[in-house]
Amino acid sequence: MIDPAEPLAPLDADQLRQALSEADMPVLAMVMVHLTGDRRWIEEPYQPARDVRLFPDESGGLTEQAQQDLRDAVFEAVLSGAEPVDLPTATLARMMSVAVAEEVSEEYVPLFMEEMGFRDPDTSATDAIRRVEEDERPTAIVIGAGLSGICTGVQLSRAGISYVILEKNPEVGGTWFNNTYPDCGVDTPNHFYSFSFNQRHRWSSYFSKQEEILEYLIDTARDTGVYDHIRFNSTVTRAVWDDGTWSVTTTNTSGTDEVLEADVVLFAVGQLNKPKVPDIDGSEDFEGPAFHTAEWRHDVDLTGKHVGLVGTGASGVQSGRAIARSAAHLTIFQRSPQWLAPNADYHRQVSPEKQYLLDVVPFYATWYRFMLFWRFGDGLYPSLHADPEWEHPERSMNAANERHRKFLTAYIESKLEGHPELLEHCVPTYPPYGKRMLMDNGWLDLITADDVTLVPEAVESFTADGVVDTSGAHHPVDVVVYGTGFHVTRPIFPIEVVGRYGVTLAELWGEEDPRAYLGITVPNFPNLFVIFGPNTGLGHGGSTIFQTEAQVHYAVQCIAELAETGGQLEVTREAYERYNTRIDEILSNMVWAHDGMRNWYKNSKGRVIVNTPWRLVDYWHMTRTVDLEDYHLSASG
């Protein structure tokens with residue numbers, strides 16, 4: 001466990017003074033309370049001003065004198081080696097509210113203390129499993145070695161469970177191994193997009209690229225010993241439940257099958273792993289290279305080529321600038337516009353001064369992570385629900401969502417000033433956050449360039465040398481790049497999963513309706529757990545890693561029950577249906593179900609199947625313990 005008060009670099013007075021000149025004032029105020037116990041640092045004149053932006057001003061709105069007071073106080077406290085003070089729950093709750101300048105309830109305190117490293121994580125389940133004789137503990141197979149598989153392996157290792165991870169790729173990383181398109185990176189800040197048990201302070205930038213994320217995941221797998229449990233180049237084709245045991249069939253690169261058996265199976269395959277290439281008339285006639293961003297053709301040189309980019313979602317926006325740097329001309333086919341948020345930190349490197357603060361100032365990294373947690377997570381949640389009294393439901397959900405809309409619209413208008421022909425096609429008519437919110441990485445500047453054409457139409461068909469849009473216009477292109485997302489409606493396909501009574505998961509879920517209790521367990525599939533399963537995606541912001549850790553914690557709680565009984569655990573049909581009815585009710589009133597748009601969060605019938613209806617704090621509490629009333633728990637046999 002990381003000690004929030006333990007410096008990671010040598011302490012130097014001159015370096016510290018220089019570093020403090022770049023500090024976030026709200027973070028420094030929290031540091032001072034931790035180091036002294038003096039609550040005056042969360043009172044006026046040191047209280048930050050309200051700032052609704054995702055990236056607030058680092059000054060916190062404090063006067064120059066108040067800022068200098070904080071810098072001087074932290075300088076003296078750190079140099080003097082001030083010992084951290086144990087703070088009561090009420091004080092921590094007050095500090096969280098002051099830090100973000102809005103009310104944060106005490107329900108966040110337990111989550112905050114564990115997630116941020118102030119309290120050791122709950123080990124009741126792993127302790128219970130370790131009390132069972134080693135040869136009597138359940139065995140496990142984990143499918144997938146992406147971030148979910150790594151997290152699962154860490155917790156199984158801590159519990160002393162014998163397990164193997166089966167990975168189809170030759171390396172860990174999952175989506176971060178597969179997606180190597182130019183400028184692929186995170187749109188959640190790195191200092192939050194990292195495991196709570198392996199927080200990395202030393203990121204090169206605030207929003208790092210694929211190579212650095214993959215390196216972090218490989219390092220985590222190696223450092224925790226999970227790497228030794230992985231069988232690479234092992235593609236799982238089938239998993240069958242038979243008389244208390246799961247039999248899992250894998251195929252290696254030579255085509256040889258092998259069957260492994262275990263008491264428990266955990267699917268950690270994620271949701272963004274099967275590229276979605278649209279079936280477009282005439283695509284087989286196109287004579288140039290055509291490929292999906294997730295299957296990037298590094299052997300195709302785009303230099304001097306006319307490139308067609310189909311889709312303006314996250315991968316299209318991220319890769320577009322890099323494509324344009326090489327191509328002679330980039331033609332972008334946009335079915336519908338996207339909301340883009342300004343982000344001054346998107347291309348910004350973490351300065352040596354800021355890095356030094358994260359390394360040596362006690363609790364600085366901890367409170368910085370909390371600020372990201374709030375602004376990129378639950379702080380947005382209330383604005384995503386429909387207000388039945390709201391007078392403009394066609395364009396926004398409520399008054400707060402309307403404020404977001406006005407802010408984002410003004411930003412887009414400012415970037416496209418002097419380009420009315422573009423502005424007409426770049427301000428969405430649907431509410432903000434109805435689709436995945438994108439960070440403006442320079443996209444709005446890109447589409448104004450002379451060598452870039454934005455076509456506000458979908459692709460209708462292909463010819464041998466180009467693309468025909470839905471207006472009938474033909475666009476000559478040499479190369480086509482699909483930025484068209486993934487198949488999320490069938491998250492475990494094509495693996496055949498056969499449960500009790502011969503029921504298959506494909507039969508239960510159909511073509512596009514995956515469901516699970518808490519997104520984790522499914523009736524008729526005993527001792528099976530889905531990590532980052534249906535309705536656990538974070539459409540309102542946050543970190544996938546946070547959700548994954550919550551689900552793995554819950555799965556290990558379930559395995560602890562199995563260890564104590566030596567039996568089988570299966571969610572009841574009643575609990576499963578009650579839970580899914582409830583989330584459907586909530587989601588139907590949230591922005592992703594809005595009729596004014598298409599998004600990949602919902603299936604063809606309009607049911608939201610990807611996103612969670614819960615706040616992060618709700619889901620964290622829901623996955624702390626297992627309610628056995630929701631399960632059939634029986635002895636083996």
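# Close-up views of a predicted model

**View 1. Strand β5 and its two partners.** Let us start with strand β5 (residues 245-251), which is mostly covered, as five of its seven residues are buried. Buried here stands for under 20% relative accessible area, exposed for over 50%, and partly exposed for anything in between (1.4 Å probe, protein chains only). Strands (E, at least two residues) and helices (H or I, at least four) are DSSP runs, numbered from the N terminus. This is a predicted model, in which local features need pLDDT of at least 70 and side-chain atom pairs count only at pLDDT 80 or more, while totals for chains, interfaces and linings use all residues. Residues are numbered from 1 along each chain as its sequence is written, and side-chain values use heavy atoms, with hydrogens and water left out.

On one side, strand β4 (residues 235-242) pairs with β5 in the antiparallel sense over seven bridges; strands count as paired if DSSP finds at least two bridges between them. Look for A239 opposite V248 of β5. Two residues separate the strands of this β4 and β5 hairpin, where D243 takes a positive phi near 55°. Strand β6 (residues 257-262) is also an antiparallel partner of β5, with six bridges, and here S247 stands opposite E261 of β6. The hairpin of β5 and β6 has five residues between its strands, and G255 in the turn shows a positive phi of about 90°.

View 2. E258 and R231 bring their side chains together in a salt bridge at 3.1 Å, N to O. E258 belongs to strand β6 and R231 to strand β3 (residues 230-231), so the pair ties together parts that lie 27 residues apart in sequence. A salt bridge is a side-chain nitrogen of Lys or Arg within 4 Å of a carboxyl oxygen of Asp or Glu. E258 counts as partly exposed because its relative accessibility is 39%, and R231 is partly exposed at 35%.

**View 3. Helix α4 and its surroundings.** Helix α4 (residues 89-100) has 12 residues and spans 17 Å from its first C-alpha to its last, close to the expected 16 Å. That expected span is 1.5 Å times one less than the number of residues. Nine of the 12 residues of α4 are buried, so the helix is largely enclosed by the rest of the structure. Among the buried residues are T91, L92, M95, M96 and V100. Their cover includes α2 (25-36), α5 (108-115) and α12, with contact taken as heavy atoms within 4.5 Å. Just after α4, A101 adopts a positive phi of about 55°.

**View 4. W367 and the nonpolar cores.** Which residues have the most contacts inside the largest nonpolar core? They are W367 and F370, in a core of 183 residues. Helix α17 (residues 544-565) gives the most to this core, with 12 residues. A second, separate core of 24 residues includes I141, W246, V265 and A516. A nonpolar core is a set of buried Ala, Val, Leu, Ile, Met, Phe, Trp, Tyr and Cys residues joined through side-chain atoms within 4.5 Å. In soluble globular proteins, nonpolar side chains tend to be buried together. Leaving aside residues up to four places away in sequence, W367 touches V27, M30, H34, L92, M95, M96, A99, F112 and F118.

**View 5. T366 in helix α12.** T366 is found in helix α12 (residues 364-375). With 5% relative accessibility, T366 counts as buried. The C-alpha atoms of T366 and M113 are 9.9 Å apart, although 253 residues separate the two along the chain.

**View 6. Salt bridges across the chain.** The structure holds 31 salt bridges. In one of them K354 pairs with D24, their closest N and O atoms being 3.2 Å apart. This pair links distant parts of the chain, 330 residues apart: K354 in helix α11 (residues 352-360) and D24 in the loop between α1 (13-20) and α2. Both K354 and D24 are buried. A network of salt bridges links D24, E58, D345, R348 and K354.

E107 and R615 also meet through their side chains in a salt bridge, at 3.0 Å from N to O. Here the parts linked are 508 residues apart: E107 in the loop between α4 and α5, and R615 in the loop between α18 (573-587) and α19 (616-622). E107 is partly exposed, with a relative accessible area of 31%.
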